[in-house]
Amino acid sequence: MATSKTGCEGCTDITCSSSKLVLEQDIAKNVRTAYDRIQARGMAACLFGSGGTCCRNCNMGPCQIIDGVEDMIGVCGATADTVAARNFARTVAAGAAAHGDHAREMVKGFIETARGNGPHEIKDVEKLHALAKIFGVEIEERDVNDIALEIGEMALAEFGNQSEQGMTMLKRATKKRQEIWKKLGIEPRGVDREVVEMMHRTHIGVDQEYENIMLQASRCALSDGWGSSMLSTELTDIMFGTPVPRRAIVDLGVLKKDQVNVTVHGHEPLLAEALCIAAEDPEMIELAKKQGAKGINLAGVCCTGNEILMRRGIPVAAGFVQQEIALSTGAVEAMVVDVQCIMQSVAEVAKNFHTDIITTNYRAKMPGGVHIQFDEHAALESAKEILSRAIKNYKKRGTCYIPEETKLDVVVGFSHETINYMLGGRFRASYRPLNDNIINGRIRGVAAMVGCDNFKLADDAHEIIARELIKNNILVVATGCAATSLGRAGLVNPEAARYCGDSLREVCETVGMPPVLHMGSCVDNSRILIALTQMVNQGGLGEDIDDLPAIGTAPLWMSEKAVAIGQYFVASGAQVVFQDLATSGAKTFNKYLLEDMMGTYGAHWNVAKEPLDIARTMIEAIESKRDALGINKKKERVLFDMDMRRDLGDGSGLTDVGCHGPT
Ligand code: SF4
Ligand code: MSK
């Protein structure tokens, strides 16, 4: 097990206690994890790669460019700025493609559900009707499934749209933002089209002006945030239920000694939802009992985990950096994977144990994995076949170690609808109380902590940033593996209010909400776009997202999707802070990202290396927005009386966790 910092680009400090506990055990002594591989590499990353100036877009290269050195441009003449912009834009395209392909599967699953095929049904009719309004679909005297089918087919058409018309969801943005996009000519048309155009424009000899390349990068990213990701979130909510606050648990201690442990890892919740249904099937439970287990324990990893955590309260065992460690417990009968963020190394780790890595999607196989194709037309049958295989492994389990003490309570399920109800009460749901609390300074602003975890910083980086933010009375919303990491740190539950500054603590205690609101998986960042837009529409905080005291960070970003997310936030007017960007080798382009984009979008990228620097950058940005809004007058600390408590929430619609939400 690696435990010390290396000189290379990577941190092998394991601060997470559950990971440490597992890796210290004898059963894990032959396991090689990413921490070991980082230590073994022992060399710094290539400067051209990390600076963004290595180009291999044609076979005259690879060309390694040195900015400002005359002969060190590409063979074709491409400059550092062009190369770095092309590389950056291709990262955006790859991220948008991943979200787009995920979303397409969800739309297809939604259409099958509307046709009455499979185990799922339309659960959130209110949300279906709201979406019908956006799509211009008639709802009066129509069957729910008919409406769903029409919306599903319109949503599917958005992927291959060939007209010049902008995508449907764009109209949910503020008027001002829509005008900015129109003026710049970057309203996304189709999900697939923007990725194709991005790849074309970054082919050798096409678009060679970094600002123009970045216009298409914005359009491509917007087709993700306001297009595919938003479609995916909305249709998934309609099909599986819009999240409401619920209690759950996270961390490796959620695995169970006396049950068949099946971890579900990846992103697309169609299979995971079917597995949840199958795991409750008496026939499956009986099968598990025959093998000597007391039952079947499903646990999530990465964003599939977040999907079923949010909607069903199924525990999350691990985020991205812990996927190998979950297997190293020796207590997992099968890790069921679909697409994205699945390390190839899990198959190697599994060889040390009785665990099967079951790949389920034709797009994502791996050597050493067992492939059982998930058939969406026979979802339950597929799920049962997968579970049966896992159950049969139970008897083969050898020595195992589950760090049972590492099990953290969380309260999750904060869709943008929940936030509406939570603060406004069921009968006068609105963002007014949130806006008022920001205007009066009890809440200084909103910080989104999203995206992955990685091995570049110690794994308490999210916690350090979030603690600093809430201490400064900034409300945090979180998604993806960042949210899992914050859950492990004990910040995603109402008791964490004690770590907040006085005024945020009062708000959290009054409403009974955590200071870190878990909003879902990485596609669910679209919820944050809607929440920000609702704050603008509520009034009092400016005319557009770029006026809000709000900022985002993906401090430990790893996946290309995080860059697509960052770009759609910036193009929507929200600043973002990343730990690093592969653009520093191109001075002018780097300055464009970190400063000049402000003139175009009202927001730009920021880079800050250390966790506390990231937090400070965010706090400063929020305070300067408050200054610009003229709401930064010093307020005396006010103790809440009954009227003020009523303003925060009227006590109706109490859920099981005490938040005011839809029941
Ligand atoms: Fe080199 Fe230009 Fe080819 Fe890139 S596109 S590899 S810079 S010649
Ligand atoms: S899973 S994209 S590591 S959030 Fe969404 Fe986590 Fe990042 Fe994958």
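Predicted model: local features only at pLDDT ≥ 70, side-chain atom pairs only at ≥ 80, totals over all residues.

Reader: Which class of residue has seven members in the shell around ligand 1?

Author: The residues surrounding ligand 1 include Cys55, Cys58, Cys63 and Cys76, together with Met60, Val75 and Ile204. Arg86 also belongs to this shell, as do Asn57, Gly61 and Gly74. By class there are one charged and three polar residues, and the class with seven members is nonpolar.

Reader: Which helix gives the most residues to the lining of the largest pocket?

Author: The largest pocket holds about 1100 Å³ of space, and among the 34 residues that line it, Ser50, Lys456, Trp557, Met558 and Asp580 lie nearest its centre. Helices H2 (34-41), H3 (47-51), H4 (80-114) and H22 (560-571) each give two or more residues to this lining. With six residues, the helix that gives the most is H4.

Reader: From which domains does the lining of the largest cavity draw at least three residues each?

Author: The search of the whole structure finds eight cavities of 30 Å³ or more, and the largest cavity has about 100 Å³ of space. Its lining has 15 residues, with Cys341, Gly451, Cys452, Cys522 and Lys561 nearest the centre, and H22 gives the most to it, with three residues. The domains that each supply at least three residues to the lining of the largest cavity are domain 2 (251-406) and domain 3 (409-629).

Reader: How many residues of the lining of the largest pocket are charged?

Author: The lining of the largest pocket draws at least three residues from each of domain 1 (70-240) and domain 3 (409-629). By class, this lining has 17 nonpolar and 10 polar residues, and the number of charged residues is seven.

Definitions and conventions:
Residues numbered from 1 in each chain as written. Chains lettered and ligands numbered in written order. Heavy atoms only, no water. Near = heavy atom within 4 Å. Nonpolar A, V, L, I, M, F, W, Y, C, P; charged D, E, K, R; others polar. 1 Å grid on protein atoms, 1.4 Å probe; cavity = no way out; pocket = protein on both sides within 12 Å on 5 of 7 lines; lining within 4 Å. Points joined across faces, edges and corners; volume = space filled by probe spheres on them. Helix = DSSP H or I, 4+ residues; strand = E, 2+ residues; numbered from the N terminus. Domains from an automatic or database assignment.
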